[in-house]
Amino acid sequence: MDVLGERPAQTLNTMNNLGELYLHSDRADQAAPWIERALAIRLDALGDAHPDSIDSRLALASLRRAQGRGEEARRHIVAALALAEDHLGEASDLAEQAREALATLDDGADGPVEAAGTAVERGSE
């Protein structure tokens with residue numbers, strides 16, 4: 001079943017991977033359109049909770065951090081963590097990646113990760 005229609009999954013994977021390659025090459029300006037577009041299409045076609053959408057959200061968080069937009073990065077990571085835990089399980093690879101991204105962000109100059117408890121303790125919302 002091809003839920004993406006004219007937007008095959010391989011194309012979106014390539015877009016996301018190209019963006020991440022640029023990002024890891026310290027070329028955030030060139031990474032941005034690829035990562036942003038892959039996430040937008042994935043959200044539209046697959047929804048928030050799909051593993052590919054969560055992966056793209058984490059890529060966008062990495063991009064925002066590289067751009068010096070730590071608070072925005074934190075919001076994307078916390079959202080990805082909540083989605084991964086709720087829909088894929090707390091032990092899922094994506095949940096673990098999100099926790100690691102949050103810890104890495106916390107180690108940076110952006111200060112403490114205040115929103116981390118929100119994702120883990122969603123029962124209080």
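**A tour from Ile54**

Select Ile54: beyond four places away in sequence, Ile54 touches Asp48, Ala49, Ala80, Leu83, Ala84, Leu88 and Leu94 (contact means heavy atoms within 4.5 Å). This is a predicted model, in which local features need pLDDT of at least 70, side-chain atom pairs count only at pLDDT 80 or more, and totals for chains, interfaces and linings use all residues. Residues are numbered from 1 along each chain as its sequence is written, and side-chain values use heavy atoms, with hydrogens and water left out.

Ile54 and Ile77 touch the most other members of the largest nonpolar core, which has 14 residues. Such a core is a set of buried Ala, Val, Leu, Ile, Met, Phe, Trp, Tyr and Cys residues joined through side-chain atoms within 4.5 Å; buried means under 20% relative accessible area (1.4 Å probe, protein chains only). H3, H4 and H5 each give two or more residues to this core, and H4 supplies the largest share, six residues. Another core, of ten residues, lies apart from it and includes Tyr22, Ala32, Leu39 and Leu60.

Now select helix H3, residues 51-66 (helices are DSSP runs of H or I, at least four residues, numbered from the N terminus). Its buried residues include Ser53, Arg57 and Arg64, and they pack against helix H1 (9-24), helix H2 (28-46), H4 and helix H5 (93-107). Just after H3, Gly68 has a positive phi of about 80 degrees.

Finish by colouring on pLDDT, the predictor's confidence in each residue, from 0 to 100. The chain mean is 84. Over residues 109-125 pLDDT stays under 50.

Definitions and conventions: Expected span 1.5 Å × (residues − 1). Buried < 20%, exposed > 50% of the residue type's maximum accessible area, 1.4 Å probe, protein only.
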